[in-house]
Amino acid sequence: MTRQLDPVIHAPTRLQIVSLLAAADEAEFAFVRDTLDISDSVLSKHAGALEAAGYVKIRKGHVGKRPRTWFSLTHEGREAYRNHVAALQAIVSQSGLSILPQ
């Protein structure tokens, strides 16, 4: 089976979000925003699209009296990310290069 690029993940900001979340169990909104150097509204928009696709779980709560939002990849999100990376690798490997560690 040939893996295909996932149009939900392929947008650069979404790919960055999913990649960051793939390395953790959960990440707080401000950490993701600051790490990717994007605005609150951009992160909210893309996280919402990833949530609508079933790839990201958004959890809201409080730390003390301050509201907080956390993101985590769902099982489907992790699988979609792995498949997307494999599809990217298949494309890139045609040139003799690799995006995966060798």
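Tutor: We may begin with a term: two strands are said to pair if DSSP finds at least two bridges between them. Please keep in mind that this is a predicted model.

Student: Which residue in S3 stands opposite Ile58?

Tutor: Strand S2 covers residues 56-63 and is joined to S3 by eight bridges, the two strands running antiparallel. Within S3, the residue opposite Ile58 is Phe71.

Student: Which residue of S3 is the bridge partner of Ala27?

Tutor: Strand S1, residues 27-28, is joined to strand S3, residues 66-73, by two bridges. These strands run antiparallel. The bridge partner of Ala27 in S3 is Phe71.

Student: Is Phe71 buried or exposed?

Tutor: Phe71 lies in strand S3. Leaving out residues up to four places away in sequence, it touches several others, among them Leu21, Phe29, Val32, Leu43 and Ala47. A residue counts as buried under 20% relative accessible area. The value for Phe71 is 2%, so this residue is buried.

Student: How far apart in space are Phe71 and Thr35, C-alpha to C-alpha?

Tutor: In sequence, Phe71 and Thr35 are 36 residues apart. In space, the C-alpha to C-alpha distance between Phe71 and Thr35 is 14 Å.

Student: In what order do the helices and strands of the protein run from the N terminus?

Tutor: The protein has five helices and three strands. Read from the N terminus on, the order of these elements is α-α-β-α-α-β-β-α.

Student: Why do the buried residues of H2 line one face of the helix?

Tutor: Helix H2 spans residues 12-22, and its buried residues are Thr13, Arg14, Ile17, Val18, Leu20 and Leu21. An α-helix has 3.6 residues a turn, so residues three or four places apart point the same way. Seen down the axis of H2, the buried residues line one face because they fall within an arc of 160°.

Student: What is the relative accessible area of Thr13?

Tutor: Thr13 is found in helix H2. Apart from neighbours within four places in sequence, Thr13 is in contact with Ile38, Val42 and His46. Thr13 is buried, and its relative accessible area is 18%.

Student: Which residue in the hairpin of S2 and S3 takes a positive phi?

Tutor: The hairpin has two residues between its strands. The phi in question is near 65°, and the residue that takes it is Gly64.

Student: Where does Asp37 lie, and is Asp37 buried or exposed?

Tutor: Asp37 has a positive phi of about 55°, although it is not a glycine. This residue is in the loop between helix H3 (29-36) and helix H4 (40-52). Exposed residues are those over 50% relative accessible area. Asp37 has a value of 71%, so it is exposed.

Student: What share of the 102 residues in the protein is buried?

Tutor: Along its principal axes, the C-alpha trace spans about 55 × 25 × 25 Å. The protein exposes about 6500 Å², of which carbon and sulfur atoms supply 54%. Of the 102 residues, the buried share is 31%.

Student: How far apart do the centres of the positive and negative side chains lie?

Tutor: The protein has 12 positive and 10 negative side chains. The distance between the centres of the two sets is 4 Å.

Key. Residues are numbered from 1 along each chain as its sequence is written. This is a predicted model: local features need pLDDT of at least 70, side-chain atom pairs count only at pLDDT 80 or more; totals for chains, interfaces and linings use all residues. Side-chain values use heavy atoms; hydrogens and water are left out. Helices (H or I, at least four residues) and strands (E, at least two) are DSSP runs, numbered from the N terminus. Buried means under 20% relative accessible area, exposed over 50%, partly exposed in between (1.4 Å probe, protein chains only). Accessible areas come from the Shrake-Rupley method with a 1.4 Å probe; for residues, only the protein chains shown count as cover. Lys and Arg count as positive and Asp and Glu as negative; His and the chain ends are not counted. The place of a charge is taken as NZ of Lys, CZ of Arg, CG of Asp or CD of Glu. The arc is that of the directions from the helix axis to the C-beta atoms. Contact means heavy atoms within 4.5 Å.
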